[in-house]
Amino acid sequence: MSGWDEGAVFYSDQAQFPRGGPGGDPAADLTRHSALRKFKEFLRGFTGPTGDFPYRESLVHNRDHVTVAIEDLDAFDAELSDKIHKSPADYLPLFETAAAEVLASLRSKVAGETGEMEEPVTGDVQIFLSSKENCLSMRSVGADYMSKLVKIAGIAIAASRVKAKATHVTLICKNCRSVRTVPCRPGLGGAIVPRSCDHVPQPGEEPCPLDPWIAVPDKSKYVDLQTLKLQENPEDVPTGELPRNMLLSVDRHLVQTIVPGTRLTAVGIYSVYQASATQKSAVGVKQPYIRVVGLEQSRDNNSNGPSNFTLDEEMEFKEFAQRPDAYAKLCSMIGPSIYGHSDVKKAIACLLFGGSKKRLPDGVRLRGDIHVLLLGDPSTAKSQFLKFVEKTAPIAVYTSGKGSSAAGLTASVTRDGSSREFYLEGGAMVLADGGVVCIDEFDKMRPEDRVAIHEAMEQQTISIAKAGITTVLNSRTSVLAAANPISGRYDDLKTAQDNIDLQTTILSRFDLIFIVKDIRMYDQDKRIASHIIKVHASGAAASSTSTEASDGENWLKRYIEYCRATCRPRLSEKASEMLQNKYIEIRQKMRQQAHETGRAAAIPITVRQLEAIIRLSESLAKMRLTSVATPEHVEEAFRLFNVSTVDAARSGINEHLNLSPEIANEIKQAEAQIKRRMGIGSHISERRLIDELNRMGMNESIVRRALLIMHQRDEVEYKRERHVIVRKA
């Protein structure tokens, strides 16, 4: 140690390095001071492709935040962007300081109120980062990424309430009253409070004890903080695994920008926090979370305007809408691998495009979404339609009736493990807000769960009053449901009521009800068989038309999105008049039918059905991008309504209630024979009874009809899965 007191100058350049040491040659390392200088240069001098200064201008317009693309930083200085990637926690605060200083220098040119030039007071500037690199999957983010910049995508499923997070904590010593300010770590970290007070006691004064500091909440500085729960996108989850979640923390200007159910991409710093003290866990084991420094909502989410579409796309869409065969072409693009069912395809096209929402002056909302129910035999491609819609609709959720409960469809109230506060988690109907919910096996749902959908289908809201949370959530969704009739297959001999095991309350909420039957016809069976064999053999639909490049599923998705965003059709005068006359006509027919038969129709024709026809007309106009629904659109809407709902209302035995006298006479004879064959209380196999009467020259369908009429009068009853008939009276 000799020579240490000679007159030389000793210096130390520790203050020049980022925390954690240089780790190598100091000349090669970027010091904090030069990084600050470079950040300033970047914000001031970076020029865009057109020669403007994007960041300088954005700072002048938005004084509290600026979004920086990492690619621009990379082009300006690769070393700087590398530092931001490797240790964002150190360099982002520098970037924000640089932005605040640049803003101050840009604004110092403004004259004050008195006319003198004065330094303006600038607040903090928040930097948002955006990047075009590919997202990481949640499963691959691990310990290697700790404290580095990561980018992940998913669906926000829950958002906490906003809390205040201290950035600087003011401490006061309880003995000597000296004050000091301690910085707080960003994100979910806390402040490190010193153990001892550095006050030097005067003679006779009592020294400060250990741990003398008390926090003063009023004098500390705070920012807003909110935590989100991000779940993997359903398409990224491997088969048979549960979706993973990740905790995100957002602060300042990002707070309350995200509602549950939004698809988003987040850029953030992967860090850890100590879970709550109540849970006993090892000291070294921490919970990971992502401190978000940039958010963007996905493009395919509820876009509120046509801003996402390029001019070429818009031109192409408008050109397509002008084509005379646009409607037919769109319908052919729906379920191209499914043979036939042209009316069902048209109805599904209407459902995807939807009508126009209306808000009346007194605050009443009229829905624009179209609901469709497919009811019919097994193997008639019902679930295929549902799967196709799930892929094609911009937002869609697919659920099956048996596996979904009322809370899973609407919303559930859950308690947060760490903070013990209740929060809402949206179910399928809330997550699909602005899209389609496909419900398969609709008839297998428990009745109390099906009731939960009523409100969502007509009022388009879900109201909740549980665990002290009373709220109303939006669920502006279309419902596409598929169901089987009561006995598995559609029985033509039964009335529509006996076939459809759903209440009138839910049936009237569906705009279109299709009864899809598996009809056995030689020609049709041959065509269907050859179509299916071709699909399996070639792996592509054997469509006679050449598939053009624009006919991709993706194109259809974009076209639907464009139509929904830009077009809001209304009825024309002529169309309104025509609708009125047609509705009155249908009601009169139904009244007449009820008068003649003495029974009301299974599916009522009410004002709801009139609204359904209006919505269908609007969606047909929307497909052609016209702003007015014309009488032609109303004609087509009526045709669809007639082949679906009205047909279903008349289906089954209702057609045969006004029987011809000969058939009525034959049925009476068959009844007499059945009563002669069976004494009261005796039972016989149905097959045997029909065979015996067949030998006597009676038609099988007449015998079945007679049995059905006797069953309705409660004279006979079926046992053992309808194989055995028992005579009651």
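Biologist: Are E313 and R558 buried or exposed?
Modeller: Burial is judged by relative accessible area, and under 20% counts as buried. In this predicted model, E313 and R558 are both buried.

Biologist: What do E313 and R558 form, and how far apart are the closest N and O atoms?
Modeller: A salt bridge is read from the distance between a side-chain nitrogen of Lys or Arg and a carboxyl oxygen of Asp or Glu, with 4 Å as the limit. E313 and R558 form one, with their closest N and O atoms 3.1 Å apart. This pair links distant parts of the chain, since E313 sits in helix α6 (residues 311-322) and R558 in helix α16 (residues 553-566), 245 residues apart.

Biologist: How many salt bridges does the count come to?
Modeller: The count is 19 salt bridges. One of them joins the side chains of D343 and R639 at 3.0 Å, N to O. Here too distant parts of the chain are linked: D343 is in helix α8 and R639 in helix α19 (residues 631-650), 296 residues apart. D343 is partly exposed because its relative accessibility is 21%, and R639 is partly exposed at 29%.

Biologist: Which parts does the pair of R704 and E686 tie together?
Modeller: The side chains of R704 and E686 meet in a salt bridge at 3.7 Å, N to O. R704 lies in helix α22 (residues 700-712) and E686 in helix α21 (residues 686-695), so the bridge ties together parts 18 residues apart in sequence. R704 is partly exposed at 26% relative accessible area, whereas E686 counts as buried at 12%. Salt bridges can also form a network, as with R139, E232 and E241.

Biologist: How many disulfides does the count come to?
Modeller: A disulfide is a covalent bond between the sulfur atoms of two cysteines. The count in this model is zero. C173 is in none, with its nearest cysteine sulfur, that of C176, 3.5 Å away. C173 counts as buried, because its relative accessibility is 0%. C197 is likewise in no disulfide, and the nearest cysteine sulfur to C197 is that of C176, at 3.7 Å. C197 counts as buried at 13% relative accessibility.

Biologist: Which residues touch the most other members of the largest nonpolar core?
Modeller: V389 and Y559 do, in a core of 58 residues. Helix α8 (residues 342-353) supplies the largest share of this core, eight residues. Leaving out residues up to four places away in sequence, V389 touches I348, L351, L352, A396, V436, C438 and L480. A second, separate core has 32 residues, among them F39, L80, I84 and A100.

Biologist: In which strand is T170 found?
Modeller: T170 belongs to strand β4 (residues 163-173). T170 is buried because its relative accessible area is 8%. Its side chain reaches the backbone oxygen of K219 at 3.0 Å. Apart from neighbours within four places in sequence, the contacts of T170 include V179, R180, T181, I214 and S220.

Biologist: In what sense do strand β17 and strand β18 pair?
Modeller: Strand β17 (residues 461-466) and strand β18 (residues 469-474) pair in the antiparallel sense, over six bridges. A465 stands opposite T470 in β18. The hairpin of β17 and β18 has two residues between the strands, and A467 takes a positive phi near 50° there.

Notes
Residues are numbered from 1 along each chain as its sequence is written. This is a predicted model: local features need pLDDT of at least 70, side-chain atom pairs count only at pLDDT 80 or more; totals for chains, interfaces and linings use all residues. Side-chain values use heavy atoms; hydrogens and water are left out. A nonpolar core is a set of buried Ala, Val, Leu, Ile, Met, Phe, Trp, Tyr and Cys residues joined through side-chain atoms within 4.5 Å. Buried means under 20% relative accessible area, exposed over 50%, partly exposed in between (1.4 Å probe, protein chains only). Helices (H or I, at least four residues) and strands (E, at least two) are DSSP runs, numbered from the N terminus. Contact means heavy atoms within 4.5 Å. A disulfide is a pair of cysteine sulfur atoms within 2.5 Å. Two strands pair if DSSP finds at least two bridges between them. A polar contact is a pair of N or O atoms within 3.5 Å; within protein, one must be able to donate a hydrogen and the other to accept it, and residues adjacent in sequence count only if both atoms are side-chain atoms.
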